[in-house]
Amino acid sequence: MSAISTVRRSMARGAPCAAWIALATCAVSPAFAVDAAGGGTGTGTTPAFTVVPTVSVQETITDNYRLSSTDKQANAVTEASVGIHVSSGAGRIKGFLDYSLTAQLSTHDSETNGLRHSLRLSTLGSIELVDDRVFVDVSASIAPQAISAFGKQSFSSSVDNSNRTDVLNYGISPYARGRLGQLGNYEVRLDHSGVVSGDSNASDSSATTASGTLSGGNPSGLFGWSVTASHQVSDFSDGDQTEIDRVRAVLTRAFGPHVSLSVIGGRESNNFEGIDNTSYTNSGLQIRWVPNERTSMSALYERRFFGNSHAVNFAYRTARTVWSFNDSQDISTTPDRVTQVILGNSYSVFFAQFAAIEPDPVRRDALVRAFLAANGINPNALVSAGFLGSGATVARNQTFSVGLVGIRTNLTFRTNHSNSGRVSRLTIGSGNLTDSTRVRQRGLSVDLSHRLTPSASAGLTLQSLRITGAFDSLA
């Protein structure tokens with residue numbers, strides 16, 4: 001179990017879409033696990049199935065509870081949470097489930113008192129329905145999200161912010177894979193995902209994609225190929241319905257064990273510009289370089305109907321550091337995929353760092369959580385710049401993160417820049433990208449933690465977020 005006490009000061013300066021938060025944390029957090037039979041385990045080993053109960057208490061003291069630049073109000077907010085972490089690392093199900101229930105008590109604003117749910121469900125592998133043939137991936141999360149990019153923005157749930165609402169993101173994806181004689185390997189998949197908000201002013205959405213892939217290569221491994229055909233339907237409750245049909249072929253040539261080059265071609269059609277579908281030709285290149293298990297880099301470029309699509313990814317780690325950089329531009333047909341920009345929380349940074357120590361993702365999950373708890377690091381601390389949209393978007397996202405792991409002191413640094421715009425000039429629906437042609441977001445987060453004793457630690461977090469827009473009247 002863990003007990004956490006936090007002192008937080010939050011300030012709003014200038015426009016309401018800019019937010020700054022500084023917080024200090026002192027934590028006492030021994031980690032333990034209980035297996036399915038009720039026996040205990042230490043932190044050195046991870047059983048196939050673990051159940052970890054959690055208890056935390058957080059106290060927030062702020063001089064600007066309502067995030068106002070003109071009417072600041074002081075307040076003290078107490079949050080008590082009980083939760084459970086369940087993980088499975090063997091058998092047909094591999095994944096984890098996090099759930100917590102938080103009671104909030106405000107000293108000067110009883111109207112905001114109440115209960116809040118938090119959920120994170122993920123299959124790190126897949127649920128195996130038929131041996132090595134039929135699988136299903138499942139994911140779900142409940143977390144607060146900004147309704148409008150130009151409303152009040154806050155990183156803390158302890159402040160009064162009418163621009164935030166709890167959002168359910170879910171996904172289920174059954175698929176089958178196998179060998180199709182001498183022709184190659186096949187995979188057929190049905191993917192359904194959705195976003196459900198808790199506010200009548202926000203748009204819900206769903207997307208369903210049916211796809212089939214056939215792939216193969218020559219025995220020497222020098223050449224590989226794949227062909228994928230897909231059909232996607234996206235629907236926004238406060239916007240329009242769109243369809244995308246696409247056929248994509250990839251031919252890959254390996255140059256030794258570390259470098260490969262791929263040529264991409266295909267055809268797609270959609271109805272973004274009107275009722276009837278319009279067809280487009282696609283082409284592109286991709287290069288991958290993986291010189292060793294600690295370093296990887298890839299670069300993708302494609303010509304698409306909305307312009308140029310690209311994805312550049314770089315990751316590098318040493319015994320005490322982890323570095324990552326990502327730069328991408330692509331289309332999103334559900335608001336959770338692009339309009340919510342997440343730099344990677346503390347958990348994801350250290351999850352990458354511990355890859356060399358524990359390759360198995362489920363066991364690594366338990367190892368990372370024990371490390372974060374022992375060092376008083378909030379696993380969910382992140383810079384989240386986002387909003388709930390009502391239509392397809394095209395976004396350019398750039399993120400950079402560094403994690404430094406010391407004997408007793410740890411430092412993580414994350415920054416991002418994103419530029420989102422609507423796909424077409426049609427103004428169906430509502431939301432930020434109906435009024436503004438672009439939404440630009442910049443975020444920064446710095447986390448410092450120091451372990452005082454084996455069971456106590458102190459930490460400091462600095463976060464910044466700035467959002468601007470390009471309105472039609474100003475364009």
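User: Are E268 and R304 buried or exposed?
Analyst: E268 and R304 are both buried, a label that stands for a relative accessible area under 20%, whereas exposed stands for over 50% and partly exposed for the range in between (1.4 Å probe, protein chains only). The model is predicted, so local features need pLDDT of at least 70 and side-chain atom pairs pLDDT 80 or more, while totals for chains, interfaces and linings use all residues. Residues are numbered from 1 along each chain as its sequence is written, and side-chain values use heavy atoms, without hydrogens or water.

User: What makes E268 and R304 a salt bridge?
Analyst: The closest N and O atoms of E268 and R304 are 2.7 Å apart. A salt bridge requires a side-chain nitrogen of Lys or Arg within 4 Å of a carboxyl oxygen of Asp or Glu, so the pair qualifies. E268 lies in strand β16 (residues 259-270) and R304 in strand β18, so the pair ties together parts 36 residues apart in sequence. Strands are DSSP runs of E with at least two residues, and helices are runs of H or I with at least four, both numbered from the N terminus. Side chains of opposite charge can pair when their charged atoms come close.

User: Why is the meeting of E302 and R246 called a salt bridge?
Analyst: The side chains of E302 and R246 come to 2.8 Å, N to O. E302 belongs to strand β18 (residues 295-304) and R246 to strand β15 (residues 241-255), so this pair joins parts that are 56 residues apart in sequence. E302 is buried at a relative accessible area of 4%, and R246 is buried at 16%.

User: How many salt bridges does the whole structure hold, and what is known of R189 and E187?
Analyst: The search of the whole structure finds nine salt bridges. In one of them, R189 pairs with E187, with the closest N and O atoms 3.3 Å apart. R189, at a relative accessible area of 22%, is partly exposed, and E187 is partly exposed at 26%.

User: Why is T102 called buried?
Analyst: T102 has a relative accessible area of 6%, and is therefore counted as buried. T102 lies in strand β7 (residues 95-106).

User: What joins the side chains of T102 and S81?
Analyst: A polar contact of 2.6 Å joins the two side chains. Such a contact is a pair of N or O atoms within 3.5 Å; within protein, one must be able to donate a hydrogen and the other to accept it, and residues adjacent in sequence count only if both atoms are side-chain atoms.

User: Why is P454 called exposed?
Analyst: The relative accessible area of P454 is 75%, so P454 counts as exposed. P454 lies in the loop between β25 (436-453) and β26 (456-471). P454 and R408 are 46 residues apart in sequence, and their C-alpha atoms are 9.6 Å apart in space.

User: How is D132 classed, and what is noted about its phi?
Analyst: D132 has a relative accessibility of 46% and so counts as partly exposed. D132 has a positive phi of about 55° although D132 is not a glycine, and its place is the loop between β9 (127-130) and β10 (134-146).

User: Which residues form the largest nonpolar core?
Analyst: The nine residues are F96, Y347, F350, F351, F354, V368, F371, L372 and V405. A nonpolar core is a set of buried Ala, Val, Leu, Ile, Met, Phe, Trp, Tyr and Cys residues joined through side-chain atoms within 4.5 Å. The elements giving two or more residues to this core are α1 (346-353) and α2 (361-374). Leaving aside neighbours within four places in sequence, V368 is in contact (heavy atoms within 4.5 Å) with Y347, F350, F351 and F354. Another core of seven residues lies apart from it, among them I244, F305, I331 and V394.

User: How many aromatic pairs does the structure hold, and why is the pair of F135 and Y175 called stacked?
Analyst: The structure holds five aromatic pairs. The ring centres of F135 and Y175 are 5.4 Å apart and their planes stand at 20°, so this pair is stacked. Rings of Phe, Tyr and Trp (its six-membered ring) pair if their centres lie within 6.5 Å; planes under 30 degrees apart are stacked, over 60 edge-to-face and the rest tilted. F135 and Y175 are both buried. The rings of F272 and F305, with centres 5.5 Å apart and planes at 10°, are likewise stacked.
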